[in-house]
Protein chains: 2
Amino acid sequence: MTRDPAKTDPDHYTVVFENDRVRVLEYKDKPGEGTSWHAHPDSLMYTLSAFRRRILADGRHVDVELQAGQARWVSAQEHSGQNTGDTDSYALFVELKEPAAASSRAARAPLGPSES
Amino acid sequence: MTRDPAKTDPDHYTVVFENDRVRVLEYKDKPGEGTSWHAHPDSLMYTLSAFRRRILADGRHVDVELQAGQARWVSAQEHSGQNTGDTDSYALFVELKEPAAASSRAARAPLGPSES
C-alpha cells in the first residue's frame, strides 16, 4: 500500500515540481481537516501560512504551532496530521531523493518538524 | 574569494535554516537592485512574490519573469542578478549539500531557473 502523501491525500498534497533530486509538494487544509497515514522522506518544510496541528504516530503525538515563513526539517517518518487550529494550513515540502548518509541521523527521528 | 551569496550579498540573502543536508536562504530585493557575482549549489527555488529579473554570467544573460508560488530548479552555477521589474523580489532557495551523481546532470547547466 502506498504511503506517498500525493496518493493517500491528493485533496491536500499537490506535486508542484519534480526532478531527479527533489520533489516539491504544497500542502493545504482547513481547520478540522487532516490526513491519512503517510510517509515523508527527509524534507525541508516551509510554512506559507501560520497554523496549529497535531502530528500522530504509533501511540504518540506532538502539537506544533508555526508562524508563516518558518523553515523546519522533517526527518524521514510516517505519521498522520490534523489541523487543530482555527486557520488554514499552507506549507511547502521539498523532499530530498537521496537518502542521508547512515551516520548522519539518529536512529529514531523526532516526530513532526524540528529546528535542525 | 567567497562566492557564497550570504557573504557576497548579505543585504539580500538571509540564511533561515541549515543542517547537514540543506541550507535555506531567503532572497529579497527592490526594483533596480541586484547582486554581486555569486555561486549557487544545486537548489530548489520557490517564488514568494512575482518578479522580473535578469541573470548574467560570462557574456550571456537570461531574462526571467515569474509569478508567486512557482517552484524552479537552479542547477549549480555562478551568476549575478538584477531586479528588472517594478515589484520587489522575494524568493526561497533550498540548497542541496550533496552534489549530484556525475551522470545525472548536463555538462553545462542552464543559466538561471529552469522547469526541470
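## Where the chains meet

How many residues of chain B are in contact with chain A? In this predicted model, the count is 19 residues of chain B, and they touch 19 residues of chain A. Contact here is about C-beta atoms, placed from the backbone, that lie within 7 Å of each other.

So which parts of chain B do the touching? Strand 1 (13-18), strand 2 (22-29), strand 4 (43-47), strand 7 (71-74) and strand 9 (89-96) of chain B each give two or more residues to the side that touches chain A. Strand 9 of chain B has the largest share, with three residues. Sort that side of chain B by class and you get 12 nonpolar, three polar and four charged residues.

## How the copies are related

Let's look inside chain B. Strand 8 (residues 77-83) runs antiparallel to strand 3 (residues 38-40) of chain B, and three bridges join them. In this pairing, His38(B) stands opposite His79(B) of strand 8.

Strand 5 (residues 51-57) of chain B also runs antiparallel to strand 8 of chain B, joined by four bridges. Here you can find Ile55(B) opposite Gly81(B), which sits in strand 8 of chain B.

Note on methods:
Residues are numbered from 1 along each chain as its sequence is written. Chains are lettered from A and ligands numbered from 1 in the order in which they are written. This is a predicted model: local features need pLDDT of at least 70, side-chain atom pairs count only at pLDDT 80 or more; totals for chains, interfaces and linings use all residues. Two residues are in contact if their C-beta atoms, placed from the backbone, lie within 7 Å. Ala, Val, Leu, Ile, Met, Phe, Trp, Tyr, Cys and Pro count as nonpolar, Asp, Glu, Lys and Arg as charged, and the others, Gly among them, as polar. Two strands pair if DSSP finds at least two bridges between them.
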